[in-house]
Amino acid sequence: ELGKRAPRWIRDNEVTMCMKCKEPFNALTRRRHHCRACGHVVCWKCSDYKAHLEYDGNKLNKVCKDCYHVIIGCTDSEEKKRKGILEIESAEVSGNSVICSFLQYMEKSKPWQKAWCVIPKQEALVLYMYGAPQDVKALATIPLLGYTVDDTPKSADLPHSFKLTQSKSVHSFAADNEELKQKWLKVIHLAVKGETPECQNELQMN
């Protein structure tokens, strides 16, 4: 269907990096462009291609490198490279996740920041953190097995917070409300013991 129908455009505020080369956007140097074939938000380098699109009367349109190669029928060997652990697209894992939502996150003494957090079904013991829901690369991952969970909030400003600690690693999170916090804790309490929600359901049935 690529090029045959108009794509759904990803909104600028749904990404913090180019959805192709993963280069972070910033106000000064990185203008955001949309690929007219797939609707992804890309940087100027990754939008420097043109292809004839059927839905636009076969006019030449700006497209990203990936779509250009598909439309003109050329394969790109780079696509065959195996993705690293952080290079799993947020939309890909969010659509098939145990749980996903925005959480406030703090590591050590750094300031709190908003992160899109996901625990994917295929890796239910790993927490992925993205800058935004459509980002194509995670900022960080936390393998949850073996962490200690402290769900007592230390701050009146963030009453729905909880903490994960293991040796010298300390990760603090805060949800927008108590219901969301409890949903996350339910999954994390299982993950730190090496269990998944599916395992728990099977045990209860047995």
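Colleague: Hi! Is Arg36 buried, partly exposed or exposed?

Modeller: Arg36 counts as partly exposed, because its relative accessibility is 29%. Buried means under 20% relative accessible area, exposed over 50%, and partly exposed in between, with a 1.4 Å probe and protein chains only.

Colleague: What kind of model is this, and how are residues numbered?

Modeller: It is a predicted model, where local features need pLDDT of at least 70 and side-chain atom pairs count only at pLDDT 80 or more, while totals for chains, interfaces and linings use all residues. Residues are numbered from 1 along each chain as its sequence is written, and side-chain values use heavy atoms, leaving out hydrogens and water.

Colleague: Thanks. Where is Arg36 placed?

Modeller: Arg36 is in the loop between strand E1 (33-34) and strand E2 (41-42). Helices (H or I, at least four residues) and strands (E, at least two) are DSSP runs, numbered from the N terminus.

Colleague: And which residues does Arg36 touch, not counting those up to four places away in sequence?

Modeller: Pro7, Trp9, Leu53, Tyr55, Asn61, Lys62 and Val63. Contact means heavy atoms within 4.5 Å.

Colleague: New topic: how many residues are in the largest nonpolar core?

Modeller: That core has 23 residues, and Leu144, Phe173, Trp184 and Ile188 have the most contacts inside it. A nonpolar core is a set of buried Ala, Val, Leu, Ile, Met, Phe, Trp, Tyr and Cys residues joined through side-chain atoms within 4.5 Å.

Colleague: Which element gives the most to this core?

Modeller: Helix H3 does, with six residues. The buried residues of H3 include Leu180, Trp184 and Ile188. Ile188 touches Ile119, Leu144, Val149, Phe162 and Leu164, not counting residues up to four places away in sequence.

Colleague: What caps the N-terminal end of H3?

Modeller: Asn177, with a side-chain oxygen 3.3 Å from the backbone nitrogen of Glu179.

Colleague: Now the sheet. In what order do the seven strands come?

Modeller: The order is E8-E7-E6-E5-E11-E10-E9, in an open sheet with antiparallel pairing. Two strands pair if DSSP finds at least two bridges between them. The edge strands, E8 (140-143) and E9 (148-150), each pair on one side only.

Colleague: Which strands does H3 lie across?

Modeller: H3 lies across E5, E6, E7, E9 and E10, and runs at about 105 degrees to E5. Axes are lines fitted to C-alpha atoms, for helices over the stretch in contact, and angles run from 0 to 180 degrees between N-to-C directions.

How values were computed
A polar contact is a pair of N or O atoms within 3.5 Å; within protein, one must be able to donate a hydrogen and the other to accept it, and residues adjacent in sequence count only if both atoms are side-chain atoms.
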